[in-house]
Amino acid sequence: MRITFDNRIAIVTGAARGLGRAYAFALAGRGAHVVLADLGTDAAIVAEEIRHAGGSAEAHPVDVTDFDQVMRLVARVLDARGRVDIAICNAGNLRDRTFAKMTLEDFRAVIEVHLLGSVHLCKAVWPAMREQGRGRIVLTTSSSGMYGIFGQANYAAAKAAMLGLMNVLHLEGARHDIRVNCIMPSAATRMTEGLLGADAARLLTADAVAPGVLFLVGDDAPSRVILSAGAGSFARVHVMETEGISLPPGDLTPEAVAAHFAAISDTAGMRTLEDGFAQARKLTAAAQRLRPD
């Protein structure tokens with residue numbers, strides 16, 4: 001069945017170029033009215049290009065680190081359109097340096113855009129999505145946050161935070177059919193310029209990521225999915241916990257943990273836990289099996 005977005009209202013941050021531009025064009029091409037939120041003046045040009053191609057779009061200059069600006073944007077959209085169906089948190093920046101040389105200003109600047117910028121949009125659209133009983137949110141994580149990249153402690157910390165935000169919003173939004181997912185894109189954009197080789201850059205286009213994002217905001221979208229996307233390839237990323245072991249009371253020592261670390265690390269029976277309390281339930285159940293009294 002073809003995924004379409006007729007009568008859907010989508011807000012995309014960082015939409016003036018790169019991945020955001022690709023998402024905006026793809027959504028508009030399948031019927032959505034797209035609101036491009038970006039500080040850059042190019043957003044208005046992109047909106048005009050979308051309209052010239054037969055789509056529906058508008059652009060607004062918005063600093064995602066300013067919650068009042070984001071709230072005013074969402075209020076304008078709700079006044080004009082009556083609803084917000086899709087929120088794609090894509091705005092980003094980089095201030096790469098090794099941790100030894102990174103200033104706290106550089107750290108905060110990246111956290112403000114990636115983490116708080118995403119929180120601001122989610123917070124602004126959340127009441128409307130709850131009231132209308134439907135919403136689709138995509139947060140942008142990164143391989144840097146999942147696996148680490150040298151010189152990106154600030155960026156990695158912000159992108160890893162998207163997983164925690166997704167997990168909680170998924171749980172809290174489920175009863176209102178608000179589905180929340182993460183895209184983990186790999187693309188040659190202005191932000192990654194100079195970090196990728198020429199051959200990789202030719203393959204890692206922003207357009208190749210857009211189909212994954214559209215899947216994540218469709219009517220039949222999943223929720224709580226981390227989707228890796230790049231160069232036309234897609235994979236699902238899982239965060240899992242091993243079965244582990246349980247130590248008897250008389251053996252609760254760091255030496256025992258070291259001695260059993262291979263068994264603790266054994267991936268047989270590894271699984272994803274449904275929420276944070278599941279960890280406590282899993283660990284106490286194992287302990288109770290060891291101590292039937």
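Buried means under 20% relative accessible area, exposed means over 50%, and partly exposed is in between (1.4 Å probe, protein chains only). These legends describe a predicted model, in which local features need pLDDT of at least 70, side-chain atom pairs count only at pLDDT 80 or more, and totals for chains, interfaces and linings use all residues. Residues are numbered from 1 along each chain as its sequence is written, and side-chain values use heavy atoms, with hydrogens and water left out.

View 1. Leaving aside residues up to four places away in sequence, leucine 36 touches Val12, Ala15, Ala24, Ala43, Val46, Ala47, Ile50, Ala57, Glu58, Ala59 and His60, where contact means heavy atoms within 4.5 Å. Histidine 60 is 24 residues from leucine 36 along the chain, and their C-alpha atoms are separated by 6.2 Å.

**View 2. Helix 1 meets helix 2 in a right-handed crossing.** Here is a friendly reminder for the helix views: two packed helices are described by the angle between their axes and the distance between the axes. The axes are lines fitted to C-alpha atoms, for helices over the stretch in contact, and angles run from 0 to 180 degrees between N-to-C directions. For helix 1 (residues 18–29) and helix 2 (residues 42–52), the axes come within 10 Å and cross at roughly 25°. The two are therefore roughly parallel to each other; angles under 35 degrees count as roughly parallel, over 145 as roughly antiparallel, 65 to 115 as roughly perpendicular and the rest as oblique. A crossing is right-handed if the near helix is turned clockwise from the far one by less than a right angle, and left-handed if anticlockwise. Look for Arg21, Ala24, Phe25 and Ala28 of helix 1 against Val46, Glu49 and Ile50 of helix 2. This contact has 5 nonpolar, no polar and 2 charged residues, with Ala, Val, Leu, Ile, Met, Phe, Trp, Tyr, Cys and Pro counted as nonpolar, Asp, Glu, Lys and Arg as charged, and the others, Gly among them, as polar.

**View 3. Helix 3 packs against helix 4 through a right-handed crossing.** The axis of helix 3 (residues 67–81) comes within 9 Å of that of helix 4, and the two cross at roughly 35°. Helix 3 contributes Phe67, Val70, Met71, Val74 and Leu78, while helix 4 contributes His120, Leu121, Lys123, Ala124, Val125 and Ala128. By class, the residues of this contact are 9 nonpolar, 1 polar and 1 charged.

**View 4. Helix 4 also has a contact with helix 6.** Helix 4 (residues 104–132) and helix 6 (residues 153–173) have axes that come within 8 Å and cross at roughly 20°. That makes helix 4 roughly parallel to helix 6, and the crossing is right-handed. Among the contact residues are Phe107, Val110, His114, Cys122 and Trp126 of helix 4 and Tyr155, Ala158, Met162, Leu165 and Glu172 of helix 6. The classes are 15 nonpolar, 4 polar and 3 charged residues.

**View 5. The structure holds 0 disulfides.** A disulfide is a pair of cysteine sulfur atoms within 2.5 Å. Cysteine 89 is in no disulfide, and its nearest cysteine sulfur, that of cysteine 122, is 4.1 Å away. Cysteine 89 counts as buried at 4% relative accessibility. Cysteine 182 is in no disulfide either, with the sulfur of cysteine 89 the nearest at 9.5 Å; cysteine 182 is buried, at 0% relative accessible area.

**View 6. Serine 223 and arginine 224 lie in the loop between helix 8 and strand 7.** Helix 8 covers 210–216 and strand 7 covers 226–230. Serine 223 is partly exposed, with a relative accessible area of 21%, and touches His170, Ile178, Arg179, Val180 and Asn181, not counting residues up to four places away in sequence. Arginine 224 also counts as partly exposed, at 21% relative accessibility. Most residues other than glycine have a negative phi, but arginine 224 has a positive phi of about 65°.

**View 7. Asparagine 7 has a positive phi although it is not a glycine.** Its phi is about 65°. Asparagine 7 lies in the segment before strand 1 (9–13) and is exposed, with a relative accessible area of 69%.

Methods
Helices (H or I, at least four residues) and strands (E, at least two) are DSSP runs, numbered from the N terminus.
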